[in-house]
Amino acid sequence: MTEKKPYSDMTEHELRGEIANLKEKARKAEQLGIVNEFAVLERKAMMAAAYMLNPADFKQGEIYRIEGDPNVYFQIDYLKGRFAWGYRMGGEKFTEALPISMLRPLKEGK
């Protein structure tokens with residue numbers, strides 16, 4: 001069995017291929033009704049996508065939309081690697097980490 005490269009060592013081309021592969025596996029898992037596997041594969045694809053983004057484009061204190069969670073906003077307290085640490089707006093200030101690929105600027109269209 002060949003060992004996979006970490007996402008941090010992959011080129012953009014390799015990351016795009018990995019994301020396509022993960023999304024195809026997720027689609028098949030969804031069709032088969034394997035909900036847990038679908039969720040894991042979707043999250044892996046989001047993590048791979050985070051490695052194609054520049055963390056410097058995400059600012060501490062800014063508020064972002066969360067992809068896949070309409071009308072929910074996330075404020076970044078700090079960044080660590082490819083994760084934004086902060087909390088969801090409008091509820092308890094429960095600190096959590098989201099891959100930066102899940103965040104969309106408020107200025108983007110709905």
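Two strands pair if DSSP finds at least two bridges between them. Strands (E, at least two residues) and helices (H or I, at least four) are DSSP runs, numbered from the N terminus. With that in hand, Arg65 stands opposite Arg104 in strand E5.

This is a predicted model: local features need pLDDT of at least 70, side-chain atom pairs count only at pLDDT 80 or more, and totals for chains, interfaces and linings use all residues. Residues are numbered from 1 along each chain as its sequence is written, and side-chain values use heavy atoms, with hydrogens and water left out.

**Overall picture**

- The protein has 2 helices and 5 strands.
- From the N terminus on, the elements run α-α-β-β-β-β-β.
- The C-alpha trace spans about 45 × 35 × 25 Å along its principal axes.
- Of the 110 residues in the protein, 29% are buried. Buried means under 20% relative accessible area, exposed means over 50%, and partly exposed lies in between (1.4 Å probe, protein chains only).
- Contact means heavy atoms within 4.5 Å. Take the contacts with a separation of 6 or more: residues 24 or more positions apart account for 41% of them.

**The helices**

- Helix H2 covers residues 35–50, which is 16 residues.
- From its first C-alpha to its last, H2 reaches 23 Å, close to the 22 Å expected at 1.5 Å a residue. The expected span is 1.5 Å times one less than the number of residues.
- Buried residues in H2 include Leu41, Ala45 and Met46. Met47, Ala48, Ala49 and Ala50 are buried too.
- What covers the buried residues of H2 includes helix H1 (12–31), strand E3 (83–88) and strand E4 (96–99).
- Glu18 sits in helix H1. Glu18 is buried, with a relative accessible area of 9%.
- Not counting residues up to four places away in sequence, Glu18 touches Lys4, Tyr7 and Met10.

**The sheet**

- Strands of a sheet pair through backbone hydrogen bonds, either parallel or antiparallel.
- Here, 5 strands form an open sheet in the order E4-E3-E2-E1-E5, with antiparallel pairing.
- E4 and strand E5 (103–105) stand at the edges, each with a single partner strand, so one side of each is left without a neighbour in the sheet.
- The twist averages 55 degrees from one strand to the next.

**Strand by strand**

- E1 (residues 63–66) and E2 (residues 69–80) run antiparallel and are joined by 4 bridges. In E2, Asp69 is the bridge partner of Ile66, and Tyr73 is the bridge partner of Arg65.
- E1 and E2 form a hairpin with 2 residues between them. In its turn, Gly68 has a positive phi of about 85 degrees.
- E1 is also joined to E5, by 3 bridges, and the two run antiparallel.
- E2 and E3 run antiparallel, with 6 bridges between them. Gln75 stands opposite Tyr87 in E3.
- The hairpin of E2 and E3 has 2 residues between the strands, and Gly81 takes a positive phi near 65 degrees there.
- E3 and E4 run antiparallel and share 4 bridges. The bridge partner of Phe83 in E4 is Pro99.

- Met89 lies in the loop between E3 and E4. Met89 is partly exposed, with a relative accessible area of 32%.
- Met89 touches Ile63, Tyr73, Phe74 and Gln75, not counting residues up to four places away in sequence.
- Met89 and Tyr73 are 16 residues apart along the chain, and their C-alpha atoms are separated by 5.4 Å.
- Lys107 is found in the segment after E5. Lys107 is exposed, with a relative accessible area of 79%.
- Lys107 and Tyr64 are 43 residues apart along the chain, and 8.9 Å separates their C-alpha atoms.

**The largest pocket**

- A pocket is an open set of points on a 1 Å grid over the protein atoms alone, where a 1.4 Å probe fits, with protein on both sides within 12 Å along at least five of seven lines. Lining residues have an atom within 4 Å of a point.
- The largest pocket has a volume of about 170 Å³. A volume is the space filled by probe spheres set on the points, which are joined across faces, edges and corners.
- Among the lining residues are Ala39, Glu42, Arg43 and Met46. Others include Ile66, Gly68, Asp69 and Arg88.
- H2 gives the largest share of the lining, 4 residues.

Notes:
Axes are lines fitted to C-alpha atoms, for helices over the stretch in contact, and angles run from 0 to 180 degrees between N-to-C directions.
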